[in-house]
Every structure is written in structure tokens, then in C-alpha cells.
Amino acid sequence: MSVEVKIKRVTTRDIRARKGAEPIVVLTAYTAPIARLLDPHCDILLVGDSLGMVVYGMETTLGVTLDMMINHGRAVVRSSTHACVVVDMPFGSYQESPEQAFRNCARVMAETGCAAVKLEGGREMAATIRFLVDRGIPVMAHVGLKPQAVHAAGGFRAQGRVDAEAEAIRADARAIDAAGAFSVVVEGTVEPVARALSAEIAIPTIGIGASAACDGQVLVIDDVLGLFADFTPKFVKRYADLRPIITAAVESYAAEVKTRAFPGPEHCFGLPKT
Ligand code: KIV
């Protein structure tokens, strides 16, 4: 008799219940092989729209489309069994109205099988978040530095240094908490502000460049592995340096091919030698 052990995925309710408890481990994942490797170690796999820069070589996330997010989201869901998979909503797919947001979020959830969506914004998105949550779509919000608003903000810079900005970020966090988001990414925000808002809202804060005062951390996997060299923020700790390893492997491969040291079909397909 075989016993089937059904692996239970981390749910958005589990994440919500981790407020103030064990820190929440989050990494971005965009592809099947990386999702398989990260899944056992992460509470959340975030299919971030950072894929525009990391995977597609774009300068910002603004050119990312809904179809890109759906294709990568599907690959990550298919290749994971443990983590809660959250898919980012790309620029322009949710800001117009709650109805537009619902239509596109519902499509992302139906076509990828993800557990939740993430969208950028605070007070201005609170009504939309409430609309989505009331209709069964769990939402992770994103405050502080918002990469989709990079042009409006005049570039990437730490948030919350002046009082008015600090109070605005805290008000954003309170608004999305009240609107029903299950967690919030706090990006590029100075420590006192991240600490204050983490203490005053009931949902977990997931920091990225926002200090250890948050309830968890998210990093971009290519930064963690030393694969993305175009732009690495100062706060990113590199846990591996894979670029020289890949370069050395490709150099060995190229050198072997140039000496015609490549195998025949018996090696490729396991055919017996005649
Ligand atoms: O797009 C992304 O990867 C993100 C994280 C960096 C939070 O939004």
C-alpha cells in the first residue's frame, strides 16, 4: 500500500499569521529551474516584474507586459510545491480602475495558479485593494520606493528621509493594511520609518533595503547569486558569485568544441556502441 503525502503550500493566511513571529523568507523566481531550487527554502516565491530588467535586459520595469508575467508565473507555480507564489502586476495593468485591476488580476490568478498578486501603491490603491480582496484576490502591497513610479519620483533613491515623506509612507502602509492586503513590501525605506510602520500595522512587512525592523526580507535572486551586474543596490548581500563560474564553464566548452571534442549520438541518446 502506498501512502500519498500531499504537500501543503504556504498560504497567504499563513503569511498573515507570521506578523511579529518567525521572519518570512522571500526571493524572486522567474524560471522553472530556479523555482525548483528555491522552493524548499522560501515561504514566498515572488515572480517580480524586476524580470523586465533581470531576464529581458530592460532599463526599468515599465515595459513588462501581462503576458510576460503570466508565462513566468505559470513556470514558477508549475515548478514549486511548497512556497506561496505571488505574481507582480505590471505597470498599467491595475492603476486605471478597480474593475481593470480585477479583470487583469483574475486573469493572472486563473492562468498561472498563483496564490496572490502584488501591486505597487499606498493610499491611492487602497480602494482597489479593498475591491480585489472582497472579490477573493489576496493582495500583497508595495510601498516606499516604487520602481514603477521611477520617472515620477525622479530616480531610485532611499525613501523617508524627510518628515513629510516618512509620514506619507506610514500613511500608505496604514491605508493598505486597512484595505485588507495580507502583507506589504517596503522597499528602499530608511530604518526608523520601516520600524515605525512595521510596529503600527497588523500585516507583515517584507523589506528590501528597509532594515531588519521588517517581518521578513525579499531579494532579487540574480543579485543574491551575483548574476546581475547591471545595477546592484548597496544593501544587497551577495551570497555567491556565479558569473566567473559560468564564464569558466563556457570557456572550457568553447575550447573543447574548437578541438572537435564533442560527442556523437551514442553519448547523447545512450545508444550502444556498434
Ligand atoms: O519586482 C520585484 O522583484 C519586486 C521586489 C524587488 C520586491 O518588486
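How many nonpolar, polar and charged residues are in the shell around the ligand?

Guide: Happy to show you! This is a predicted model, where local features need pLDDT of at least 70, side-chain atom pairs count only at pLDDT 80 or more, and totals for chains, interfaces and linings use all residues. Residues are numbered from 1 along each chain as its sequence is written, and side-chain values use heavy atoms, with hydrogens and water left out.

By class, the shell has five nonpolar, four polar and three charged residues (Ala, Val, Leu, Ile, Met, Phe, Trp, Tyr, Cys and Pro count as nonpolar, Asp, Glu, Lys and Arg as charged, and the others, Gly among them, as polar). Surrounding the ligand are Thr28, Leu46, Gly48, Asp49, Ser50, Asp88, Lys118, His142, Val185, Ile208, Val218 and Val220 (a residue is near a molecule if one of its heavy atoms lies within 4 Å of it).

Now look at the oxygen atoms of the ligand. For Lys118, the distance from a polar side-chain atom to a ligand oxygen is 2.9 Å, and for Asp88 it is 3.1 Å. Taken alone, the ligand exposes 260 Å², and the protein buries 95% of that (accessible areas come from the Shrake-Rupley method with a 1.4 Å probe).

Terms used
A polar contact is a pair of N or O atoms within 3.5 Å; within protein, one must be able to donate a hydrogen and the other to accept it, and residues adjacent in sequence count only if both atoms are side-chain atoms.
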